[in-house]
Amino acid sequence: MRWLDILQLRLRTLLDRGSLDRELDDEVRHHLELETERNLARGMTPEQARAAACRAIGGMAHVQEECRDARGFRYLEDLAQDVRYAARAMRRSPGIAAVAVASLALGIGANTAVFSLINTIMLKSLPVAHPEQLIQLTRIYGNSVGGSFSYPLLQQLQKETGDAVDLAASSRRGSARVGPPGTADTEQATLETVTGEYFNVLGATAALGRTIQPDDNRLPNGSPVAVLGYRYWRQRFASDPAILGQTLVVADVPYIVIGVAQPEFFGVEVGNRTDVWVPLAATPQRKWLLQMGFNFLGVIGRLKPGVSMAQVRAQSDLVLTRMNARQVFKARDPRQRQQLLEQHIGAKPAATGFSRLRDQFSEPLRVLMAIVAGVLLIACSNIANLQLARASAREREIGVRLAIGAGRLRLVRQLLTESVLLSLAGGLCGVAVAWWGCRALLHFVPDLGTPLSVDLQPDARVLAFTLSVSIVSGILFGLGPALRSTRGGLDVALKSERGVGHNRARRRLGRTLIAAQAALSMLLLVASGLFIRTLMKLEAVDLGFDSSHVLTFGINVLAGPNPPQQNELIGRVVERAQSIPGVIAASYAFCGGYGPGGWTTDVHAEGYTPRDDESISFDASRVGPRYFETMGIPLVAGRDFTGRDDDKAPKVVAVNQSMARHFFGTQNPLGRRVRFELQSGTVEAEIVGLVKDVRHHGARKGSAAWLYTPYLQGAGPWPDFTVRAAGAPGAMISALRRDLPAVQARLQVTDPQTLDEEVGSSLARERMVASISGFFGVIALLLASIGVYGTMAYNVTRRTAEVGIRMTLGARQGEMVWMILREALLLVAAGVLIGAAVASAATRSIASMLFGLHPGDLTTMTLAAAAMLAVALAAGYLPARRAASVDPMRALRCE
Amino acid sequence: MGKPTDLVQGTLDLLILKTLALGPMHGWAVGQRIQQISNDVLQVQQGSLYPALHRLEQQGWIRAEWGDSENNRRAKFYSLTRAGQKRLGEELASWERLSAAIALVVKAV
């Protein structure tokens, strides 16, 4: 009953404020009338009676105000009032509001965009049951932390840690051709091969049919079954439930579709949606499954209740150490022995899945987050300055309100409401900016072989982030000016007519803001300068080959031929490619391209004895005839390989300059002999070519000693192909796709890519950071210049009279310009110095992302400082110029 | 900014509740009645009477209705709710405890 009354009252308070206030008026008036009558009855004159009644109640407004305070939702009521007031204030100066909202939209939008990428790539949990129980196991050796597992190791781990954790493993196979049997209707889809426990451990269920179970993965042959991704099923098979039980050929092997995964399940790798899952034991990989050294599995586990990750890590470590101990004896290479001894198991929470994207981009994203936060801070200090200027226009209003009894807290609250309203409007527009910004950001993320599918739907976390960033920035830029402008009383407000030296405190805040802005901009400029110069240096690195005019591609054939036919087929492909008009040369290589990964082999040189602790394992490539010519790798001495360097010919090799220097110092390597390992056994060969060092692994990696062996001498794994074109290499793609299938039935050209693109995409991370930080560096500069301009323009109006007086007394125009400009320059210079100091410390944390530069690089610092000062000069010059060209008479009159 | 109050806030609430227990009346009458009954010892500050009435109303202890006063003017009449009656009992009990305790101390010295 009581609560009902109260509720009714409170609702009235909220919704019917007007009539409540009228009732209050009536009530107090009624009281005054009664009191007056009583006074009259005591014999006062009507005027006296009325005055005495008013005195007794002590200020009608005061009583009414206190009664309003007694109402329950006073705070909400005030808020509504403040919001209405703020909206009116914004309407009165739409220009200022628009500038503020726009710069906030940019700042908040940029923050939201970067955060939603971070959220998607780094924070979102896998869409499975209890993701917090999931862990990822890795093999750690040396600097490498992401080592994968062999199948025997996985089995041993499953056997010995079964009480603590359920383990499963998968291997991503990238793209595979998928289609119904017996048709040419195939297309590329992403394939993941999994152990039988995979779906159960992850807790992923089937939307249709069933998932792969442990029985499907029994060696030797497994069951030829496949589970489809939900989205793939929808797109490729139009959500047809009749797909169950049908046969699908995946990478040349027929499988029966047994199920479709639950809709939101995409596998374990964020940003890389799996289309088809098949059991490991049912793929051609099964041949190598039992080999100890074949490490290709990513391992994920689900902790049993009450078991800690550390426990599992320790148990697994024991298993690994024991299994490796057996191998150490067999290893001949001391480096390999060392690696085996140093291996450990690492475990980390896997609630968010695996992600190559995350490994590669979490550091840049963190840096970008810091940069956009800096931009937002600059925008905030800009708006704080604007608010300060507006507060001075409202000085009298605020002074009067303070004088007639408004509490300071109440006024601050109202001013803050205005700021937060502004920042919320900025945040709302920021969401739109972020939507666009996210897509722009994704543009910089390289294609990792399979189409990137990142779900950027803003979730509750992103929206909460945007909301809190908006509110916090509103308070951030609103609080200082609000406190400052409510500090004085009426006396201050009324006394402070325009004139020299008025309201120093507020000017000090304004100047601090300018200096702080300059410092922040300086910091951002230095950071972006470092990233841009890093990219420039990386791009200037001589990779050792001529990447222009080169196109690389793969050849896919059904039913892989045996070695003799294989070499013959490769020869025909190259011959055909060479016959295409515009192709200058064509060749092929195994591990001879550009990018990570490669083949290593033990190499011994005639007349060279390695020290005991020295590694004899070297990077190597198996390359086809005219390989050096096609890749544009300069021959220093000797010759390129030809078609005659085959099994029947004397064994030959080529070495790069680093290898020649390593084995033979300054002596001529040509004609010397080396020994190395091939699958077929040890080979001894004569060095016939010496080539320039090539950075196969990318610009950041130094050049290593490298061995090139002719592909045709000894069997090799299937190679990648390369052509050198006379014109644009991209134009060759269609000709290759048209002509090469004629070589053999059902032959496909896959993944054609120009070498320039490959080199470019290897710098994607650097390019992303450089472009985005550069973009925001410019924005920071722009915002800072707006800040300087605004403050200077305001100061100039304030000092118009002073300028007038000085000019009447004979000051020259140039002196006046300098007087005003000097202030701006001094502030910015102070900011630049502070920014430089902070930058030289802060940029140390990004040292690992730089190349060829020290964090406190002097050139970058100087350039950034020069840019800052130039911008300050330009932004300060206009208002200074205007002030100095004012007519002294007019200036004096406005006093 | 402290305001001079003649009565401690809790006491004013008690006095208002007790006065309204006699029957519905408007604000001015509440003030007059308190003054009368206390033989002009207790002067209720008119400035704090209305905020107190509104606060009590917000808490659901008294209810307000518009009606016609003795000389036919519209006035806001306050009356005790059932919750208010209970509250009055509690306040009275605690007041008696307090005054008895004070009396003990004062007499002992």
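Colleague: At what angle do H23(A) and H26(A) pack?

Modeller: About 25 degrees. Their axes are 9 Å apart. H23(A) covers residues 764-798 of chain A, and H26(A) covers residues 858-884. Keep in mind that this is a predicted model.

Colleague: What do we call that arrangement of H23(A) and H26(A), then?

Modeller: Angles under 35 degrees count as roughly parallel. The two helices, H23(A) and H26(A), are therefore roughly parallel to each other.

Colleague: Is the crossing of H23(A) and H26(A) left-handed or right-handed?

Modeller: Right-handed, as H23(A) passes H26(A).

Colleague: Which residues meet there?

Modeller: From H23(A), they include Leu781(A), Val788(A) and Met792(A). On the H26(A) side, Val871(A), Leu878(A) and Pro879(A) are among them. The contact divides into 16 nonpolar, 2 polar and 1 charged residues.

Colleague: Switching topic. How many residues does each chain put into the contact between A and B?

Modeller: Chain A gives 24 residues and chain B gives 20.

Colleague: Which helices of chain A supply at least two residues each to that side?

Modeller: H1 (2-15), H2 (17-41), H3 (46-57) and H4 (60-70) of chain A each do. H2(A) gives the most, with 8 residues.

Colleague: And how do the residues on that side of chain A divide?

Modeller: Into 10 nonpolar, 5 polar and 9 charged.

Colleague: Now the sheet in chain B. What is the strand order?

Modeller: S1-S3-S2, in an open sheet of 3 strands with antiparallel pairing.

Colleague: Which strands stand at the edges?

Modeller: S1 (25-26) and S2 (62-68) of chain B. Each has a single partner strand, so one side of each is left without a neighbour in the sheet.

Colleague: Over how many bridges do S2(B) and S3(B) pair?

Modeller: 7 bridges, in the antiparallel sense. S3(B) runs over residues 74-80. Asp68(B) stands opposite Arg74(B) in S3(B).

Colleague: What holds strands together in general?

Modeller: Strands of a sheet pair through backbone hydrogen bonds.

Colleague: Last topic, confidence. What is the mean pLDDT of chain B?

Modeller: It is 82, and 90% of the residues of chain B reach 70 or more. Over residues 1-6 of chain B, though, the pLDDT is below 50. Beyond near neighbours in sequence, that stretch has 4 contacts in the model.

Colleague: How should I treat coordinates where pLDDT is low?

Modeller: Don't read them in detail.

Colleague: What are the scores for the model?

Modeller: ipTM is 0.83 and pTM is 0.70.

Notes
Residues numbered from 1 in each chain as written. Chains lettered and ligands numbered in written order. Predicted model: local features only at pLDDT ≥ 70, side-chain atom pairs only at ≥ 80, totals over all residues. Contact = placed C-beta atoms within 7 Å. Helix = DSSP H or I, 4+ residues; strand = E, 2+ residues; numbered from the N terminus. Nonpolar A, V, L, I, M, F, W, Y, C, P; charged D, E, K, R; others polar. Pairing = 2+ DSSP bridges. Axes fitted to C-alpha atoms, helices over the stretch in contact; angles between N-to-C directions. Parallel < 35°, antiparallel > 145°, perpendicular 65-115°, else oblique. Left-handed = near helix turned anticlockwise from the far one by under 90°. pLDDT = per-residue confidence, 0-100.
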